[in-house]
Amino acid sequence: IQGTSGTGACRHTTVAILGGGMAGITAAQALNNQSIADFVIVEYQNRIGGRVNHTTFGRKADGTPYVIELGAYWVQGVGTTNGSVNPILRLAQKYNLTTALSDFESIQTYDATGSVDYTYLMDEYTTASARMEEIGSTILKNNLQDMSIRQGMALGGWKPKVDDMAAQAIDWLRGDVESASPVGESSLAFGLAAGGFTFGQFGPDNYLVTDPRGYSAIIEGEAATFLKNDDSRLLLNTKVANISYSDTGVTVHSHDGTCITAKYAICTFSLGVLQNMAVDFNPELPLWKRTAIQKFTMGTYTKIFMQFNETFWPKDSQNLLYASSDRRGYYASFQSLSAPGFFEGSNILFATVLAEEAYRVERLSEAEVQAEIMAVLRQMFPGTTIPEPTAFLYPRWNKAEWAYGSYSNWPLGTTLEMHQNLRANTSRLWFAGEATSSQYFGFLHGAWFEGREAGAQIAGLIQGHCTNVTGENECGGRKYYESLAGTTPSNVYTVVNGWPGGLLY
Ligand SMILES: Cc1cc2nc3c(=O)[nH]c(=O)nc-3n(C[C@H](O)[C@H](O)[C@H](O)COP(=O)(O)OP(=O)(O)OC[C@H]3O[C@@H](n4cnc5c(N)ncnc54)[C@H](O)[C@@H]3O)c2cc1C
């Protein structure tokens, strides 16, 4: 689907949808389902899909390239269900997306001396994790003070020594990877809730997308149900610069000088874009909104793809875990696309780095990163002659000014009210996307739910009926909290509580 570019004059529409990722497309679809066809989607890039983004890579035997996913790779939360089906799985089925089950139990472990089996530590982690879940659900149910995942795991009995690098590698794999953030910084209560809603509700498994059309085929497929080819309601290559909002409408200015006036707008830009102030708001967003934007974390999850001319690692293994002797999370995870079910025999491996290691890799050149990875692989497979890769590629998520990171996370010290402030509208400017989902943040289905919800609520406002997708009466704008509780009340700052001398020093 190609959009046509704006022409310089202000164009009027009923709803301006800012961003054409999953949330933007489902918001437009929800409006369309309510017979509101007068909307415009404004998208920075020359494509829709946002953080669902594939590219060609390497070569097959016939000389044609493989297709790999730089952003979302898995349909997460599939398998045995309690009756709820992940909407992304439904879309994958609707568009016959080619996928393969990932088996995270299929893992070989290594350290700087080569292959060393420390998989037994996984069982210890799992036992402690069950206890940590009990602690976390007690916190959530009783609204008790939260703790970090690391603290919860320690109470559960998992307390790896800082120099026990095998245990640290497992701690990183099982603790940091899903949230793309260090376990010491992530909220136990809300991290647990997010895992529970996705994997408990929809199923415990993950399907890796291997479709040659790319994972975005489901987003393009859905968009094609309500957008024509060259639809003038889709503006690609249009970078929003400024959003003016009030109680009567929203005006959106783009860098190319075009502008749109709308009764309502839905901003679906990533938390990273909002945090980096890549777009100006007029008036400045209120303090409660800016606080929420800065409170949550934008994680970084970087996959580094390499193709070799042979599969020198175990052919049937999907995952390889490496424990560096001095750096936790240093090229710790390698996943093989050469394993059966994926691109079997492709000789493609990808490493994953997170957070600080991902920032570091972004600062280095490809040649420097390749040299580091080759040194790691040579440690993992001593005695094997490992050739240089024939193809090598990784994205720089923090340099992508349309994303500024990978996906959001709830750090320690967040509350539901704080998150509601991230979701809440400011006058006629609404917000939706992966980060505004309290239950599925970080996941593609989170963006799907939130786009649909915002679209349906705005349709309700325009048509004068109270609506949201769950059918509960929800009228008007979203609730927000001007001042947030969650700190100790001042009358408790007393000598009894170890705080003599009044509140201020
Ligand atoms: C590396 C990585 C791995 C992931 N893995 C998984 C996974 O395996 N499974 C899973 O479920 N989820 C995964 N996710 C998360 C998933 O991709 C996101 O939750 C989802 O795609 C977010 O959709 P969205 O619509 O909220 O935001 P986006 O996709 O970011 O859409 C927002 C859109 O706004 C546009 N935009 C930004 N700034 C401007 C501007 N100034 N003007 C105009 N347009 C602008 C962007 O180009 C983008 O298209 C992953 C994400 C990343 C990055």
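I began with the two domains, whose C-alpha centres lie 30 Å apart; the bounds come from an automatic or database domain assignment. This is a predicted model, in which local features need pLDDT of at least 70, side-chain atom pairs count only at pLDDT 80 or more, and totals for chains, interfaces and linings use all residues. Residues are numbered from 1 along each chain as its sequence is written.

I noted the division into domain 1 (10-52 + 216-295 + 404-463) and domain 2 (54-210 + 301-393). Their contact takes 22 residues from domain 1 and 26 residues from domain 2, two residues being in contact if their C-beta atoms, placed from the backbone, lie within 7 Å. On the side of domain 1 that touches domain 2, helix 7 (217-223) is one of the elements that supply at least two residues, and helix 7 gives the largest share, 4 residues. I take helices as DSSP runs of H or I with at least four residues and strands as runs of E with at least two, numbered from the N terminus.

Next I looked up the ligand, which 39 residues surround, the closest being G19, G21, G50, G433 and E434; a residue is near a molecule if its C-beta atom, placed from the backbone, lies within 6 Å of it. Helix 1 (22-33), strand 5 (74-78) and helix 13 (444-463) are the elements that give two or more residues to this shell.

Last, I turned to the whole chain, which has 13 helices and 22 strands and whose C-alpha trace spans about 75 × 70 × 45 Å along its principal axes.
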